[in-house]
Amino acid sequence: LAARPDDIEAMFLLGTCYRELSEPARAIPLFEQVIAAQPGHAQALYYLGACHLQTGNTPVGRAYLRRYDRLIARGGRVRRLPHQAIPTQSSSERRDA
């Protein structure tokens with residue numbers, strides 16, 4: 001981010017790292033920047049809501065989660081992060097199963 005401060009994907013990924021490290025207060029401003037730049041970023045909305053809930057800011061967290069629900073109901077999509085991809089079985093693993 002130091003080299004490219006407007007890199008939305010890097011902001012999202014750094015926020016995700018902080019969230020995974022149980023540091024929601026550090027993730028919140030990053031997810032807020034992502035939402036400011038891309039209001040339809042479903043994962044950022046969801047993670048932002050979850051982080052607010054984790055920090056005890058329940059009304060704000062619920063508001064972001066409602067925005068996420070509305071976006072998904074309108075056909076919004078959530079993409080998988082590389083670490084969330086479902087591993088595929090190799091052909092030898094399928095034969096052994």
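**Aromatic ring pairs in a predicted model**

**View 1. Phenylalanine 31 is buried, with 0% relative accessibility.** Buried here means under 20% relative accessible area, against over 50% for exposed and partly exposed in between (1.4 Å probe, protein chains only). The model is predicted, so local features need pLDDT of at least 70 and side-chain atom pairs pLDDT 80 or more, while totals for chains, interfaces and linings use all residues. Residues are numbered from 1 along each chain as its sequence is written, and side-chain values use heavy atoms, without hydrogens and water.

**View 2. The stacked pair of phenylalanine 12 and tyrosine 47 is one of 5 aromatic pairs in the structure.** The ring centres of phenylalanine 12 and tyrosine 47 are 5.9 Å apart, with 5° between the planes. Rings of Phe, Tyr and Trp (its six-membered ring) pair if their centres lie within 6.5 Å; planes under 30 degrees apart are stacked, over 60 edge-to-face, and the rest tilted. Phenylalanine 12 belongs to helix α1 (residues 8–20) and tyrosine 47 to helix α3 (residues 42–54), so the pair ties together parts 35 residues apart in sequence. Helices (H or I, at least four residues) are DSSP runs numbered from the N terminus. Phenylalanine 12 is buried at 0% relative accessibility, and tyrosine 47 is buried at 6%.

**View 3. Phenylalanine 31 and tyrosine 47 form a tilted pair.** Their centres are 5.7 Å apart, with 50° between the planes. This pair links helix α2 (residues 24–37), which holds phenylalanine 31, to helix α3, which holds tyrosine 47, across 16 residues.

**View 4. Ring pairs join Phe12, Phe31, Tyr46, Tyr47 and Tyr68 into a cluster.**

How values were computed
Helices (H or I, at least four residues) and strands (E, at least two) are DSSP runs, numbered from the N terminus.
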